[in-house]
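Reader: Hi, could you walk me through a strand and a helix in this one? I'd like to know what each sits against.

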Amino acid sequence: ELRSPIDQDILVGRFAKGTRADVQDAIAAARASQKAWAALGWERRVELMNRTADLISERVHEYAALRAIEVGKNRLEALGEVEESADLIRYYARMAEENGFYEKPMDNLGDPATHTRSVSRPYGVFGVIAPFNFPLALAAGPVSGALVAGNTVVFKPASTGAMSGVVLMEALRDAGVPDGVCNMVLGPGETVGDELASSDAIDGIVFTGSYVVGMGLQRNFTKAYPRPCIVEMGGKNPAIVMKSADLDKAAEGIMRAAFGFGGQKCSANSRVYVEREVHDELVQKLVEKTEELTLGDPLERGTFLGPVTDQRAVDRFNQAVAEARADGTVYSGGENPTDGDFARGFYVEPTVVGNLPPDHRLFRDELFVPFTAVAPVDSLDEALERCNGVVYGLTAGIYSEVEAEVEQFLEGIHTGVLYVNRRAGATTGAWPGVQPFGGWKGSGSTGKSALGPYYVGLFVREQSHTIVD
């Protein structure tokens, strides 16, 4: 039973709770369907993926409303996720098409009787484990990447994103993707997810979620032999503000990146390093902008910030606020309103904190709540050292009007997605074919980014064909 984080009286739906046996059956179905799916040819698979994307776009308002009710996104972010889902599918189909499905003639060393080419072949069956925060986009992306490459899929949505899984399967089915090609199993991570992650019967896996779970998967999935293990494990994303910056632009960009969808993004701006001379002014501007935000029902047009996903998120927030009050200063927010309509949902205030020790865990641990910590620094070198001093390396941003500082940032930061002077979001905001989105270090496993030109290549393996006349 899935209830809305907006209001626990709202029943989203009742869904089948899969078992380990269901996962095994789904893998068997995917295996049985894979050869025929690959034999369709990449042109036909591209056609089916594009039709799926078109159906999602046609249903954008229905699917967006469901996203808002299911996970608490405001109107703009819910609409954006649905269209991003469609664009992800289109983009990966286009990458396969533009690359001729990764087939390339090779050198014959001057021998006209020898013909060698590099071709790409699907692995077979991929598992896809999707997260709750982008339950449609972060399912549609890897599912379509695997499918357009000729693999079949066993797909586990997040339990709190079950409806998103249903509508994705609906779109694939209605587009004409054959039965058995993509197989969904709903259910808890400790059974369905674990069975998928520990199975020797699949050929690759995609996981989006926490560092702890992702690293466990990375260690265990390749015990028998190397298999693709594509894991995206979040971030502790910094913004740097130099004294040369446009502080109003910086404050707005930080606010949007820190508090969009309640900070429940792997790219959320959860720590800020500000050159000391402008620290207090930046904090003042950030607090002013934060306190203008509307917290409430995300179905209402004027709401910026809806609920967090569940009581565990509320508890994480309350714990972080308690530590900030004990060890530093809460500049704004810090409350968990429970009066009136708030009583039936999971609501917390957007929160800005500071005056914490440099090595405090609030600068290191991913919280996934609307919470950002600010600290002064004396130089860009110090800021970069602190930015790079955590296990994560997903996104980062800088605000500076000095070209040399921007170049130093771009060369010196150890993260996969970088933004400079971006008012729309200091560390957030990526679109298929625009910003390749992938992490370094503890944020990602492949060095090849989703939303980018090399992603589909993760789902195929290269084979060399040499034919002599």
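Author: Happy to; we'll take a strand and its neighbours, then a helix. This is a predicted model, where local features need pLDDT of at least 70, side-chain atom pairs count only at pLDDT 80 or more, and totals for chains, interfaces and linings use all residues. Residues are numbered from 1 along each chain as its sequence is written, and side-chain values use heavy atoms, with hydrogens and water left out.

Reader: Thanks! How many residues of strand S8 are buried?

Author: Five of the five in S8 (residues 204-208) are buried, so the strand is largely enclosed by the rest of the structure. Buried means under 20% relative accessible area, exposed over 50%, partly exposed in between (1.4 Å probe, protein chains only). Strands (E, at least two residues) and helices (H or I, at least four) are DSSP runs, numbered from the N terminus.

Reader: And which way do they point from S8?

Author: Gly204, Val206 and Thr208 point one way, Ile205 and Phe207 the other.

Reader: Switching topic: which residues of helix H13 are buried?

Author: In H13 (residues 403-412), they are Glu405, Val406 and Phe409. Seen down the helix axis, they fall within an arc of 100 degrees (taken from the directions from the axis to the C-beta atoms), so they line one face.

Reader: What's on the face turned away?

Author: Glu403, Ala404 and Glu411, which are exposed.
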